[in-house]
Amino acid sequence: MSKTMFDKIWDKHVITGKVGDPQLLYVDLQLLHEVTSPQAFEGLRENNRKVRCPDRNFATMDHNVPTVDIFNIKDAISRKQIDTLKKNTGEFGVRLAGMGSEDQGIVHVIGPQLGLTQPGMIIVCGDSHTATHGAFGSIAFGIGTSEVEHVLATQTIWQTKPKTMGIHIHGKLPKGIYSKDIIMGIIAREGVAFGTGYAVEYFGDTISNMSMEERMTICNMSIEGGAKMGSIQPDKTTFEYVKGRKYAPKKIDQAIKYWQQFKTDDESAFDKVIDFDVSDLAPFVSWGTNPGMSVPINKAFPEIKNADDKKAYDYIGLQPGQTAQQIPIGYVFFGSCTNGRLSDLMIAADILKGHHIAKGVTALVVPGSREVKEQAEKLGIDKIFKAAGCDWREPGCSACLGMNPDQVPSGVHCASTSNRNFEGRQGAGARTHLASPAMVAEAAIFGHFVDIRKEVI
Ligand SMILES: CC(C)[C@H](C(=O)O)[C@@H](O)C(=O)O
Ligand code: SF4
């Protein structure tokens with residue numbers, strides 16, 4: 001019987017239990033951040049337990065980090081979470097990329113960047129966007145705080161094997177269309193629950209031709225389509241990316257040989273397969289309060305079909321029949337674990353070069369990690385953003401969610417490269433519109449979204 005990549009990785013990690021029941025799996029890597037780890041460490045302390053494999057855990061600080069004066073956290077809860085992570089990692093011997101460290105950044109940006117994320121692994125983190133790491137041909141998923149504690153104590157986790165879904169993505173991406181548009185297009189077409197109960201694998205020529213950063217954007221948003229995990233088979237691009245990074249295997253040829261086995265035999269191995277042609281894909285913009293409430297730039301917002309639509313229109317202050325060109329943008333956010341990597345910032349800077357953001361628009365540029373920030377500064381990208389009137393900030397989750405001082409004011413429409421547009425996500429009353437970095441850059445210049453395939457600047 002043919003097997004998926006997912007089956008092969010899963011089988012290698014089963015310690016006990018049979019398919020259909022919860023199975024105990026070995027965890028190769030647990031990533032931690034300050035929000036979902038305090039009670040987990042506390043649980044260890046209460047039960048007098050140690051961290052079973054300290055070197056298979058790695059912590060960073062991201063959600064609560066201020067992006068202006070990083071060491072000056074004003075909010076008491078934020079400060080407590082940060083201080084607690086420092087204390088816990090010190091006490092339990094877990095590596096920490098704390099504030100100010102060269103390795104610090106958003107957990108899903110630093111894992112790959114440091115070479116911690118590798119093919120064939122099972123990777124967990126108390127964070128729903130852990131699916132990002134699946135882009136390397138791993139099984140990566142978000143877990144709850146009690147599970148974080150279990151992994152700290154045992155380096156294992158109980159999981160029931162999900163079904164598998166293959167998403168065949170094919171065709172040449174038109175100019176001005178990015179991997180963000182692909183994943184937004186899939187979720188808009190299939191709905192926010194299409195992936196529930198499935199481990200998703202993205203495959204096809206479009207995917208094979210993508211860089212690792214583009215692949216991560218797609219896997220990152222798998223959770224917005226209901227899937228706990230999204231993955232892509234490892235290939236030459238993957239191996240080249242991992243090679244030479246700080247925590248990558250030193251015996252790389254041997255590692256690559258091992259990683260090469262993680263391939264889906266054929267499409268029949270999936271429980272379900274869906275197809276997505278990108279050859280005439282348009283740029284997507286979200287109009288509502290979940291990522292599925294998105295339309296191509298050239299389409300009008302849909303009619304109200306149910307109570308959810310009505311609620312979303314009321315919150316966002318828009319009407320059916322309007323288009324994204326009519327959204328008055330007051331705030332712009334470049335960043336997050338979806339689109340806060342160097343290539344994302346380069347795309348946006350390329351568009352902003354020689355231009356200025358529209359009058360009345362506030363624009364934040366928040367690199368996904370300190371390394372991204374430093375690389376960008378080496379390339380002079382910070383100067384382009386600053387000259388265009390944007391704020392160049394320190395790395396962190398920032399305005400992706402309202403857990404730190406970077407909040408979008410109530411009632412203001414924000415063009416955002418992040419992944420969630422829920423009510424209050426970027427601050428109480430904030431109105432989020434998700435799009436690709438290129439679309440957001442043009443929206444910053446014009447003060448409203450435009451069709452980047454037509455507007456040449
Ligand atoms: C705070 C954290 C638990 C949360 C998540 O799980 O995803 C956050 O990262 C988010 O993006 O909403
Ligand atoms: S950048 Fe946003 S989505 Fe990613 S981990 Fe931080 S809060 Fe969550």
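## Model and numbering

This is a predicted model: local features need pLDDT of at least 70, side-chain atom pairs count only at pLDDT 80 or more, and totals for chains, interfaces and linings use all residues. Residues are numbered from 1 along each chain as its sequence is written, while chains are lettered from A and ligands numbered from 1 in the order in which they are written.

## Overall fold

Along the principal axes, the C-alpha atoms fill a box of roughly 55 × 55 × 45 Å. The chain holds 16 helices and 19 strands. These are DSSP runs, numbered from the N terminus: helices are H or I with at least four residues, strands are E with at least two.

Of the 457 residues, 54% count as buried. Buried means 20 or more other C-beta atoms within 10 Å of the residue's own, with C-beta atoms placed from the backbone. Contacts with a separation of 6 or more come to 75% from residues 24 or more positions apart. A contact needs C-beta atoms, placed from the backbone, within 7 Å.

## Two domains

Domain 1 spans 5-275 and domain 2 spans 288-446. The bounds come from an automatic or database domain assignment. Their C-alpha centres lie 24 Å apart. Domain 1 puts 34 residues into the contact, and domain 2 puts in 32.

On the domain 1 side, α4 (107-113), α6 (179-190) and α8 (212-220) each supply at least two residues. The largest share, five residues, is from α6. That side has 13 nonpolar, 15 polar and six charged residues. Here Ala, Val, Leu, Ile, Met, Phe, Trp, Tyr, Cys and Pro count as nonpolar, Asp, Glu, Lys and Arg as charged, and the others, Gly among them, as polar.

## Helix α8

Seven of the nine α8 residues are buried, so the helix is largely enclosed by the rest of the structure. The buried residues are Glu-214, Arg-215, Met-216, Thr-217, Ile-218, Cys-219 and Asn-220. Their cover includes α4, α6, β10 (198-203), α7 (205-208), β11 (229-232) and α12 (336-339).

Terms used:
Contact = placed C-beta atoms within 7 Å. Buried ≥ 20, exposed ≤ 12 C-beta atoms within 10 Å, placed from the backbone.
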